[in-house]
Amino acid sequence: AEILSAFKDMETRIRSMALVHQKLYQSEDLSNISLSEYIKELSDLMMKSYSIARDLIGIELSVEEIKISIDVAIPCGLIINELFSNSFKYAFQERKRGFIKLSVTLSEGRKINLNYSDDGVGLPEGFDFRRDGKMGIKSLVSIVENQLQGDISIKSQNGFDCALSFKDTLYKARI
């Protein structure tokens, strides 16, 4: 069961990266994709991958229309993939219904602010995501802080809350 779960996690990560390339090929702009379209399709893909019924776990997406480069889209997709995966695998184990909210805004200075929350079981009391986090949380933190040079905070109040921000100007346009 553990091995199958690991393969499913790898498969969803690969699909999230493949979706970036698909969106890029469909775009009129060969450097940027629509973040809102990408997140919508990625959330649908995640629901299907984990066989989640929409009437059991509701998802509210509020994503501003932002064009991002592939260099930002891939790590962003991996972050969103990890957040959804964790919710689907852990947040709603004790009950069958739940709610996930994801919002993405663009602030001054081209800073992307991503806020993700679920109303699941939350994290164990005293959990320190830097110290106690497993591979998924550690890779999430590493992508945000090291690859995107952003900030991340994780809390557990009536579920799970994650807020992160990073500049989308870290990479230069290629075309």
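Is phenylalanine 88 buried or exposed? Select phenylalanine 88 in this predicted model: its relative accessible area is 11%, under the 20% cut-off, so phenylalanine 88 counts as buried.

**The whole chain**

Start with a cartoon view of the protein chain, which has five helices and seven strands. Followed along the sequence, these elements come in the order α-β-α-β-β-α-β-β-α-α-β-β. Of the 175 residues, 45% count as buried. Now display the contacts between residues at least 6 apart in sequence: 67% of them join residues at least 24 apart.

**Rings around phenylalanine 88**

The structure holds four aromatic pairs. One of them joins tyrosine 50 and phenylalanine 88, with ring centres 5.6 Å apart. The planes of these two rings stand at 50°, between the limits of 30 and 60 degrees, so the pair is classed as tilted.

Tyrosine 50 sits in the loop between helix H2 (35-49) and strand E2 (57-63), whereas phenylalanine 88 belongs to helix H3. The pair thus links distant parts of the chain, 38 residues apart. Tyrosine 50 is buried too, with a relative accessible area of 12%.

Next select phenylalanine 84, which forms another tilted pair with phenylalanine 88: the distance is 5.8 Å centre to centre, and the angle between the planes is 35°. Both residues lie in helix H3, four residues apart, or about one turn of the helix.

Then extend the selection to Tyr116 and Phe160. Together with Tyr50, Phe84 and Phe88, they form one aromatic cluster.

**Helix H3 against helix H5**

The crossing of H3 past H5 is left-handed.

Which residues make the contact? On H3, show Pro75, Leu78, Ile79, Glu82, Leu83 and Asn86. On H5, show Gly136, Ile137, Ser139, Leu140, Ile143, Val144 and Gln147. Coloured by type, the residues of this contact divide into eight nonpolar, four polar and one charged.

Definitions and conventions:
Residues numbered from 1 in each chain as written. Predicted model: local features only at pLDDT ≥ 70, side-chain atom pairs only at ≥ 80, totals over all residues. Heavy atoms only, no water. Left-handed = near helix turned anticlockwise from the far one by under 90°. Helix = DSSP H or I, 4+ residues; strand = E, 2+ residues; numbered from the N terminus. Contact = heavy atoms within 4.5 Å. Nonpolar A, V, L, I, M, F, W, Y, C, P; charged D, E, K, R; others polar. Phe/Tyr/Trp six-rings, centres within 6.5 Å; stacked < 30°, edge-to-face > 60°. Buried < 20%, exposed > 50% of the residue type's maximum accessible area, 1.4 Å probe, protein only.
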